[in-house]
Amino acid sequence: MDISTINNGVLKNKRKDRVGRGPGSGNGKTAGRGANGQGSRAGSSMRPTFEGGQLPLARRIPKRGFNNKVFADVVESVSLKSVLRKFDGSVEITPEVLEERGLISSKKSVVKLIGSDELPSAYKFKVHRVSDGAKAAVEKAGGSIEILPGKKPVVKNKMKPKTKKAN
């Protein structure tokens with residue numbers, strides 16, 4: 001190895017291989033495309049998922065099951081620290097106001113108040129959920145939290161547990 005050939009893994013000065021320029025280049029005749037077939041022809045391009053006529057992977061995998069992404073709640077958390085930066089104690093803090101100030105992306109989101117920072121004045125919050133630390137901090141400052149109605153939690157097992165019959 002020569003010191004002049006070291007480039008710390010950066011190939012910015014390396015020339016692009018000129019393929020199909022004769023046998024002396026080491027990449028002549030078929031120019032690295034192989035002998036025959038679709039890939040050897042000019043203008044050949046195949047999508048990356050093409051498997052040569054074999055049933056593609058996306059069609060071989062079974063499409064069963066359920067994905068809850070469409071129905072799941074989007075819960076956006078808002079910290080007390082960010083509320084202190086954007087609000088003074090005079091305004092009532094609701095999802096609509098939080099969206100206007102850019103703290104949440106949509107007023108349709110479920111809003112959870114988090115954090116345990118000390119508040120300088122009494123704030124009034126209307127949110128869907130609240131952490132224990134945030135609730136304690138707001139109440140300590142003399143503020144109030146109103147819990148907004150949201151979706152009810154899913155009941156996973158509606159069946160009563162089976163009991164053994166007495167003979």
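**View 1. Phe66 sits in the loop between α1 (57-60) and β1 (75-79).** Helices (H or I, at least four residues) and strands (E, at least two) are DSSP runs, numbered from the N terminus. This is a predicted model, where local features need pLDDT of at least 70 and side-chain atom pairs count only at pLDDT 80 or more, while totals for chains, interfaces and linings use all residues. Residues are numbered from 1 along each chain as its sequence is written, and side-chain values use heavy atoms, with hydrogens and water left out. Phe66 has a relative accessible area of 63%, so Phe66 is exposed; the cut-offs are under 20% for buried, over 50% for exposed, and partly exposed in between (1.4 Å probe, protein chains only). Together with Val70 and Phe71, Phe66 makes a nonpolar surface patch of about 400 Å². Patches are made of residues with over 30% relative accessible area and no salt bridge, with like charges joined within 9 Å and nonpolar side chains (Val, Leu, Ile, Met, Phe, Trp, Tyr) within 5 Å. The areas come from the Shrake-Rupley method with a 1.4 Å probe, and for residues only the protein chains shown count as cover.

**View 2. The largest nonpolar core has 18 residues.** Such a core is a set of buried Ala, Val, Leu, Ile, Met, Phe, Trp, Tyr and Cys residues joined through side-chain atoms within 4.5 Å. Leu80, Phe87, Leu98 and Phe125 are the ones with the most contacts inside it. At least two core residues come from each of α2 (80-86), α3 (95-100), β3 (110-114), β4 (124-127) and α4 (132-140), and α4 gives the most, with three. Zoom in on Leu80: not counting residues up to four places away in sequence, Leu80 touches Leu113, Ile114, Gly115, Ser116, Asp117, Leu119, Phe125, Ala134, Ala137 and Val138. Contact here means heavy atoms within 4.5 Å.

**View 3. Helix α4 has buried residues on one face and exposed ones on the other side.** Ala134, Ala137 and Val138 are the buried residues of α4. Down the helix axis they fall within an arc of 95°, so they line one face of α4; the arc is that of the directions from the helix axis to the C-beta atoms. An α-helix has 3.6 residues a turn, so residues three or four places apart point the same way. What covers the buried residues of α4? The cover includes α2, β3, β4, β5 (129-130) and β6 (144-147). Over on the other side, Asp132, Glu139 and Lys140 are exposed. Just after the helix, Gly142 takes a positive phi of about 90°.

**View 4. Ser131 is in the loop between β5 and α4.** Is Ser131 buried or exposed? Ser131 counts as buried, at 17% relative accessibility. Leaving aside neighbours within four places in sequence, Ser131 is in contact with Lys112, Leu113, Ile114 and Gly115.

**View 5. Arg101 is in the loop between α3 and β3.** At 36% relative accessibility, Arg101 counts as partly exposed. With neighbours within four places in sequence set aside, Arg101 is in contact with Lys86 and Phe87.

**View 6. Asp73 pairs up with Arg129 in a salt bridge.** That term means a side-chain nitrogen of Lys or Arg within 4 Å of a carboxyl oxygen of Asp or Glu. The closest N and O atoms of Asp73 and Arg129 are 3.8 Å apart. Asp73 lies in the loop between α1 and β1 and Arg129 in strand β5, so the pair ties together parts that are 56 residues apart in sequence. Asp73 is partly exposed at 31% relative accessible area, and Arg129 counts as partly exposed at 36%. A search of the whole structure finds four salt bridges.

**View 7. Glu92, Lys126 and Glu146 are linked in a network of salt bridges.** Glu92 and Lys126 have their closest N and O atoms 3.8 Å apart; Glu92 is in strand β2 (residues 92-93) and Lys126 in strand β4, 34 residues apart. For Glu146 and Lys126, the closest N and O atoms are 3.9 Å apart, and this pair links strand β6 with strand β4, 20 residues apart. Glu92 is partly exposed at 36% relative accessible area, as is Lys126 at 23%, and Glu146 counts as partly exposed at 41%.
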